[in-house]
Amino acid sequence: MNDSSKNDNNARQHRGAKRRAKTRADLLAAARRVFAKKGYHDASILDITEAADVGVGTFYLHFRDKDEIFNTLIDEVLHILEEQVISEVRSSEAATLPVIVRSIFRHAYAERDLFSIALTSGAQVSRTIRVEDTIAQGLTRAFERATQSGQLQGYDVFLLARLVTGVIAQGIIWWFEQDDPGPEEMADNVLNLLAHGLPAALFNENLLPPGTAL
């Protein structure tokens with residue numbers, strides 16, 4: 001094969017790879033729209049291919065099934081979340097709890113359509129665990145550094161990270177039905193609760209009048 005033929009072959013392969021990458025990206029974008037509109041269980045592969053304007057056969061050239069394309073979307077969201085937290089921590093020169101919490105809420109708010117599908121009660125448990133694991137891992141690293149500097153002596157950092165993750169996850173779930181408060185105010189609410197706790201009076205006084213049933 002002469003140099004000209006090799007160059008032509010390389011050019012064709014390059015164009016083919018670009019077309020495949022574009023089709024895959026179109027399918028992912030279409031799947032995101034379909035999942036956000038219909039939810040995971042009611043969405044079908046046909047819905048996705050129609051939204052992407054490709055045939056069903058083309059879908060199977062890129063993804064095994066509906067579960068794989070959705071897990072790919074979740075993987076991308078979690079990867080971006082990790083990168084965003086790392087980037088903001090580096091730019092602030094400190095892996096403080098406020099930096100991490102604010103970063104998580106900013107990203108989750110922007111991606112709340114996919115977080116909704118991953119965290120709602122109809123989602124597979126494995127997806128919920130993956131989302132919460134990603135959040136907990138970032139918190140655990142911060143708490144471990146705090147322990148090394150003597151700030152969290154006596155705490156189980158892994159349990160603490162899970163408890164704080166639960167609070168953050170509930171803040172994210174709030175956005176599935178409400179757009180307000182936004183990410184900064186939501187972070188303020190969570191950080192205020194973590195920093196100051198609940199009013200002491202709630203632990204020292206009866207919250208309900210005598211005889212009132214819960």
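User: Hi! Among contacts between residues at least 6 apart in sequence, what share joins residues at least 24 apart?

Analyst: Here 62% of those contacts link residues at least 24 apart, where contact means heavy atoms within 4.5 Å. This is a predicted model, in which local features need pLDDT of at least 70 and side-chain atom pairs count only at pLDDT 80 or more, while totals for chains, interfaces and linings use all residues. Residues are numbered from 1 along each chain as its sequence is written, and side-chain values use heavy atoms, leaving out hydrogens and water.

User: How many helices and strands are there in the chain?

Analyst: The chain has ten helices and zero strands. Both are DSSP runs numbered from the N terminus: H or I over at least four residues for helices, E over at least two for strands.

User: And how much of the chain counts as buried?

Analyst: Of its 214 residues, 35% are buried. Buried is under 20% relative accessible area, exposed is over 50%, and partly exposed is in between (1.4 Å probe, protein chains only).

User: Which residues touch the most other members of the largest nonpolar core?

Analyst: In this core of 53 residues, they are F35, I48, I69, F105, F115, I168 and I172. α1, α2, α4, α5, α6, α7, α8 and α9 each give the core at least two residues, and the largest share, nine residues, is from α4. Such a core is a set of buried Ala, Val, Leu, Ile, Met, Phe, Trp, Tyr and Cys residues joined through side-chain atoms within 4.5 Å.

User: What is F115 in contact with, leaving aside neighbours within four places in sequence?

Analyst: With V77, L81, H107, A108, V131, I172 and F176.

User: I172 again! Which residues of α8 are buried?

Analyst: V157, L160, A161, V164, T165, I168, A169, G171 and I172. In general, an α-helix has 3.6 residues a turn, so residues three or four places apart point the same way.

User: What caps the N-terminal end of α8?

Analyst: D156 does, with a side-chain oxygen 3.1 Å from the backbone nitrogen of F158.

User: How far apart are the end C-alpha atoms of α8?

Analyst: They are 26 Å apart, which agrees with the 26 Å that its 18 residues should span at 1.5 Å a residue. The expected span is 1.5 Å times one less than the number of residues.

User: At what angle do α5 and α9 pack?

Analyst: At about 145°, with axes 9 Å apart. Axes are lines fitted to C-alpha atoms, for helices over the stretch in contact, and angles run from 0 to 180 degrees between N-to-C directions.

User: Which residues meet there?

Analyst: On the α5 side, L97, P98, V101, R102, F105, R106 and Y109 meet P183, E184, M186, A187, D188, V190, L191 and L194 of α9. The buried residues of α5 include V101, F105 and Y109.

User: Last one: where is G39 found?

Analyst: In the loop between α1 and α2. G39 is partly exposed, at 22% relative accessible area. Its C-alpha lies 8.9 Å from that of S116, which is 77 residues away along the chain.

Methods. Polar contact = N/O pair within 3.5 Å; in protein donor to acceptor, adjacent residues only side chain to side chain.
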